[in-house]
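Subject: Structure handover

Hi,

Here is the structure to go with your sequence. Please open both side by side, then read the notes below.

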Amino acid sequence: MNLRGTVRADRPLVVLAVGEEARYLPPELPVLLTGMGKVNAASAVAAVLAAGPRPTLLLNLGTAGALRPGWAGIHEVATVLQHDLDTDLLRTLTGETYGAPLSLAAEGAVLATGDTFVADDAERDRLAQRADLVDMEGYAVAWAAAQAGVPCRLVKQVSDEAGDGAARTWQESVDACARDLAEWAARHFG
C-alpha cells in the first residue's frame, strides 16, 4: 500500500493497483496504490478510510481485460461481481449471501473481479457469459467503500483481450492506458 498526497473530505481519492497505472494522474489528486488482488485492495482501502478523513468519492481507475470482441477504450462500471467466489454454493451451505454483485451506476459495463490475471481464451469465454470486463481489484474497492458508506465509481481502460497473450499485451499497453485514464480523470476531477 502506498498513499500519495493527502486524503481530504472535499476531494475524491483515486485508487489504483499499481504505479504503472497512476503514472500520469494530476498531482492534486490523492492516489492510493493498493497492490494487485482483492485482499490488497480491500485492506488498503479499509485502512485509509478508517484513518480518516473520508473522501467525497472513491474513484477506482485501472486497466481491465475485455471479455468480448470489440471492447476498447474507457468504460464506467455499472455492476461488479466476483468471478472466483461461488456465491450460490455458499448461500446453499449457510443460508447467507456472501459476495453478491454490487450495483454502482445506472448503466455501464459489468466487471468481473478475481484474484487471477485472465490470460486464457477458454477462461475469457466462460467469464464473457456473465461480464464485459475483468480485473483483479474492482469488487474489493467497491465492497470496502460500501462498508464505510463512501460513494464509489469504477472506471476501467481496456488493456488487453483477456486471452492468450494478455500478459504481454498488458505490459505493452499499460503506459498508453495510464495516459488515457489520467486524461479522463483531469476532465472529470481536475
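Thr79 is partly exposed, at 22% relative accessibility. The classes by relative accessible area are buried (under 20%), exposed (over 50%) and partly exposed in between, using a 1.4 Å probe and protein chains only. Thr79 sits in strand β5. Helices (H or I, at least four residues) and strands (E, at least two) are DSSP runs, numbered from the N terminus. Not counting residues up to four places away in sequence, Thr79 touches Pro101, Leu102, Ser103, Ala109, Val110 and Leu111. Contact here means heavy atoms within 4.5 Å. The C-alpha atoms of Thr79 and Ala131 are 8.9 Å apart, although 52 residues separate them along the chain.

A word on the source. This is a predicted model, where local features need pLDDT of at least 70 and side-chain atom pairs count only at pLDDT 80 or more, while totals for chains, interfaces and linings use all residues. Residues are numbered from 1 along each chain as its sequence is written, and side-chain values use heavy atoms, with hydrogens and water left out.

**Core**

The largest nonpolar core has 30 residues. Such a core is a set of buried Ala, Val, Leu, Ile, Met, Phe, Trp, Tyr and Cys residues joined through side-chain atoms within 4.5 Å. Val45, Leu58 and Val80 have the most contacts inside it. Elements that each supply at least two residues include β2 (12-16), α2 (38-51), β4 (57-66) and β5 (74-82). The largest share, seven residues, comes from α5. Another core lies apart from this one, with 16 residues, among them Leu16, Val31, Leu57 and Leu59.

Leaving aside neighbours within four places in sequence, its contacts include Leu13, Val15, Val45, Leu49, Val141 and Cys152.

**Helix pair**

How do α2 and α5 cross? Their axes come within 8 Å, at roughly 30°. Axes are lines fitted to C-alpha atoms, for helices over the stretch in contact, and angles run from 0 to 180 degrees between N-to-C directions. The two helices are therefore roughly parallel (under 35 degrees; over 145 is roughly antiparallel, 65 to 115 roughly perpendicular, the rest oblique). On the α2 side, Lys38, Ala41, Ala42, Val45, Ala46 and Leu49 meet Ala140, Val141, Ala144, Ala145 and Ala148 of α5.

α5 is mostly covered, with eight of its eleven residues buried. Among them are Gly138, Tyr139 and Ala142.

**Cysteines**

Cys152 is buried, at 11% relative accessible area. Cys177 is buried as well, at 3%.

**Backbone points**

Two places deserve a look. The peptide bond from Gly52 to Pro53 is cis, with omega near -10°. Pro53 is in the loop between α2 and β4. Ala162 has phi near 55°, a positive value in a residue other than glycine. Ala162 lies in the loop between β9 and α6 (166-189). Ala162 is buried, with a relative accessible area of 0%.

Best wishes
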